[in-house]
Amino acid sequence: MDQSQIDALRGAAVAKRGHIIDGKSVPASDGATMDIVSPIDGSVLTQVACGTAADMEAAIASARASFDDGRWSGMPPAARKKVLLKWADLIDANALELAVLGVRDNGTEINMAIKAEPGSAAGTIRYYAEALDKIYGEIAPTSADVLGLIHKEPVGVVGAIIPWNFPMMIGAWKLGPALAMGNSVVLKPAETASLSLMRMVDLAHDAGLPPGVLNAVTGEGAIVGEALGLSMDVDVLVFTGSGGTGRRLMEYSARSNMKRVYLELGGKSPNIIFADAPNLDEAAKVAAGGIFRNSGQVCVAGSRLLVEASIHDDFVAAVVKAAEAMPVGNPLDMTTAIGAVNSEVQLAANLGFVETAKSEGGEVITGGERILQDIGGFYMAPTVITGVTPDATLTQKEVFGPVLGVTSFSDETEATRLANATVYGLAGGVWTSNLSRAHRMVKSVRTGVMHVNTYGGADGTVPLGGVGQSGNGHDKSLHAIEKYINLKTAWIKL
Ligand code: ADP
């Protein structure tokens, strides 16, 4: 990737899009569309179908019909694998076009997007394609006069609701294992980041995925997302997004067919720095990257910095220096380290958190404001706030923006207590040269992922999932497959 290749794509016209139902592009049943606003400069990029509940029902019916007639679920695993591998290859072949389209839609800096979006999506789909014919049923250790077989069956129709921060990467985390196991899927992309994911769905069909197996409906969460959640014909609902929406999805399930609901929600992940960290400069740079990349719009972002009191001032200074060295700007420029905030609404919410933090005694050391208004887009300076108390809003509530709250601690016991003092439990990090302490912290901090002497970058071989109000179930690794299968027992008298 070089800048001239990006520049050749950055101004390209973006065609209007419909839903994808039964392998065809279709408009909303009432003809409604919604504008797609680029966070880069606030311009309208294109329009997509603004779906109705009837559109969602048509997509679910298509998925159900495709599942029931076995056009995918009944295909030999080797044939399914071939389609998915071809799909991954097509994503790789179109990576730059997909990445630039995605960045124009959601604002992530291109340096990150090229790897985290098409790169990671292709890798994820390939991983599950390669796995699908290596997953066996089981024979139970019964007495000799019976045979107990445990079959692993696809669940049927999977509903997948995707957020706007990494639409292709997170989309692939759900689509890869769901499709590999023979399910049919109805996808609901986020309002403010649908274009690249919809293109990825086109490519699945180009790769030979039969029509109806993967349907995608664009529009408002409260309308089409609700219709998906309330459907009597969706067997499993998988979601990444906010806690408020996750709570609603559980209610939809309870009010309809009690479908299984898997939620990957927010976090308030502590990054814990001990004075004996092996390299404090490195720790400061990684801590800054771990909260400011993609403008903090990362579910595992290390948004709470817990620093041992003896190094607090020096370490904060190093983090501020690292933050100020990260250029904020047009996400399509390769020199940009921090791109645009996804939407004006999100930017306003971020700024609101800064005001609240100040009113609760926090001190803004750097950032705290909107910048680059002349470009017309939505940009925020990386923000470091010290003196954040354990009960402050900035400790307890996820911002999902480039805002780092700092709290100091005196010893390991206090660090652990502070780390665990939120309703969340998605990720965390600990920096120390003391091996025993590192292991103790891994055990005692209540999270799904704990980093040691690094932050972020855990690849697709390990599971990602939260505890507490960060959710349930796992994306990535072979563990993700559990969400997309049913176990069925055959108990056979011999
Ligand atoms: P955020 O608040 O960060 O935008 P959301 O949880 O609202 O996160 O959005 C994540 C996804 O959830 C998006 O695809 C959005 O359309 C969808 N969504 C939002 N509200 C609902 C809802 N009431 N029912 C189902 N899906 C929803």
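Mentor: Seven strands form an open sheet with mixed pairing, in the order β14-β17-β18-β13-β12-β19-β20. Its edge strands are β14 (363-366) and β20 (449-452), and each pairs on one side only. From one strand to the next, the twist averages 25°. This is a predicted model: local features need pLDDT of at least 70, side-chain atom pairs count only at pLDDT 80 or more, and totals for chains, interfaces and linings use all residues. Residues are numbered from 1 along each chain as its sequence is written, and side-chain values use heavy atoms, with hydrogens and water left out.

Strands (E, at least two residues) and helices (H or I, at least four) are DSSP runs, numbered from the N terminus. Two strands pair if DSSP finds at least two bridges between them. Take β17 (residues 383-386) and β18 (residues 403-409): they run parallel, joined by three bridges. V384 has L404 in β18 as its bridge partner. Helix α14 (residues 412-419) packs on the sheet and touches β12 (270-273), β13 (304-308) and β18. The directions of α14 and β18 make about 145°. Axes are lines fitted to C-alpha atoms, for helices over the stretch in contact, and angles run from 0 to 180 degrees between N-to-C directions.

Now follow β19 (427-431) out of the sheet. T432 sits in the loop between β19 and α15 (435-444). T432 counts as buried because its relative accessibility is 2%; buried means under 20% relative accessible area, exposed over 50%, partly exposed in between (1.4 Å probe, protein chains only). Its side chain makes a polar contact with the side chain of D276, at 2.8 Å. A polar contact is a pair of N or O atoms within 3.5 Å; within protein, one must be able to donate a hydrogen and the other to accept it, and residues adjacent in sequence count only if both atoms are side-chain atoms. Leaving aside neighbours within four places in sequence, T432 is in contact (heavy atoms within 4.5 Å) with F274, D276, A277, P278, R437, A438 and N453.

The largest pocket has a volume of about 1100 Å³. It is lined by 48 residues; F239, G241, S242, G243 and T245 lie nearest its centre. Helix α9 gives the largest share of that lining, nine residues. On a 1 Å grid over the protein atoms alone, a pocket is an open set with protein on both sides within 12 Å along at least five of seven lines, a cavity is a set of points where a 1.4 Å probe fits but cannot get out, and lining residues have an atom within 4 Å of a point. Grid points are joined across faces, edges and corners, and a volume is the space filled by probe spheres set on the points. Four cavities reach 30 Å³ or more. The largest cavity holds about 50 Å³.
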